[in-house]
Amino acid sequence: MKNEIQSALAKAYSYEAYRASVKTQFLAGRVTGNEQSEAFLHYTELNESRMNRLDKTSSLTPDTISAIEQWDVKYIWLVLTEGWCADGAQVLPVLHKMAQANSSIDLKLVFRDENDPLMQQVLSNGAKAMPKLLIIDPENFTLLGQWGPRPKGAVEFIANYKKEHGLVDETAKANLQLWYFRDKGVEIQQEIVALMHQVLSTSLHNQQ
């Protein structure tokens, strides 16, 4: 997987550059990824509005800030996503705020379809679900942990909806956005902090 990680990092964007690339393609009538459609253009437009709002309004909890301040080892947070991905629009601004709070975290974003060899090695139940966060050791480019595509509460919401209605339709997608709105990114923060705690604990154990 080391080669796939390095290949992806060679094409990676900062958060700001990723936002700019998605917007540039949208203004040209295109979306990121292999598939082009009016639906994906619509989702990309919605995501632009969501991310603009979240960049301004989302915040880290005191517990998250306290945890982040204790991270003193450098890591790369490599995220596979696409501009039309609704979950990505909710998750990425939170990851960006977390990375901004500690210079040891280097957040990098890559487009999923441009990095299929890597995506194929980090599937979620056999699916190319996104966003997918990979915790990478910057010295040897090994994968130390992964998260995604959704916090557990959102996963449970979709699972329950599908069990009741038999499919994930536009109503489910709209209600999922309401779930994210009410949660305010708290569960994402909690799960990433827990993951980082595991990564740091493992690193410390390996050094002993």
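How many residues does helix H2 have, and how far does the helix reach from its first C-alpha to its last? In this predicted model, H2 comprises residues 15-27, 13 residues in total, and reaches 18 Å between its first and last C-alpha, close to the 18 Å expected at 1.5 Å a residue. The buried residues of H2 are Tyr15, Tyr18, Arg19, Ser21 and Val22. These residues lie on the same side of H2, because the arc that they cover around the axis is only 160°. Thr24 and Leu27, on the other side of H2, are exposed. The cover over the buried residues of H2 includes helix H3 (38-57), strand S1 (75-81), helix H5 (86-100) and strand S2 (105-111). Just after H2, Gly29 adopts a positive phi of about 85°.

Helix H3 has 20 residues, which should span 28 Å at 1.5 Å a residue; the end C-alpha atoms of H3 are 29 Å apart, in agreement with this. Buried in H3 are Phe40, Leu41, Thr44, Asn47, Glu48, Arg50, Met51 and Leu54. H2, H5 and helix H8 (170-183) are among the elements that cover them.

In soluble globular proteins, nonpolar side chains tend to be buried together. The largest nonpolar core here contains 37 residues, of which Trp71, Trp77, Leu95, Met98 and Ile192 touch the most other members. When neighbours within four places in sequence are left aside, Ile192 is in contact with Trp77, Leu95, Met98, Leu133 and Trp147. Another core, of 12 residues, lies apart from the largest one, and its members include Leu9, Leu80, Met119 and Ile136.

Note on methods: Residues are numbered from 1 along each chain as its sequence is written. This is a predicted model: local features need pLDDT of at least 70, side-chain atom pairs count only at pLDDT 80 or more; totals for chains, interfaces and linings use all residues. Side-chain values use heavy atoms; hydrogens and water are left out. Helices (H or I, at least four residues) and strands (E, at least two) are DSSP runs, numbered from the N terminus. The expected span of a helix is 1.5 Å times one less than its number of residues. Buried means under 20% relative accessible area, exposed over 50%, partly exposed in between (1.4 Å probe, protein chains only). The arc is that of the directions from the helix axis to the C-beta atoms. Contact means heavy atoms within 4.5 Å. A nonpolar core is a set of buried Ala, Val, Leu, Ile, Met, Phe, Trp, Tyr and Cys residues joined through side-chain atoms within 4.5 Å.
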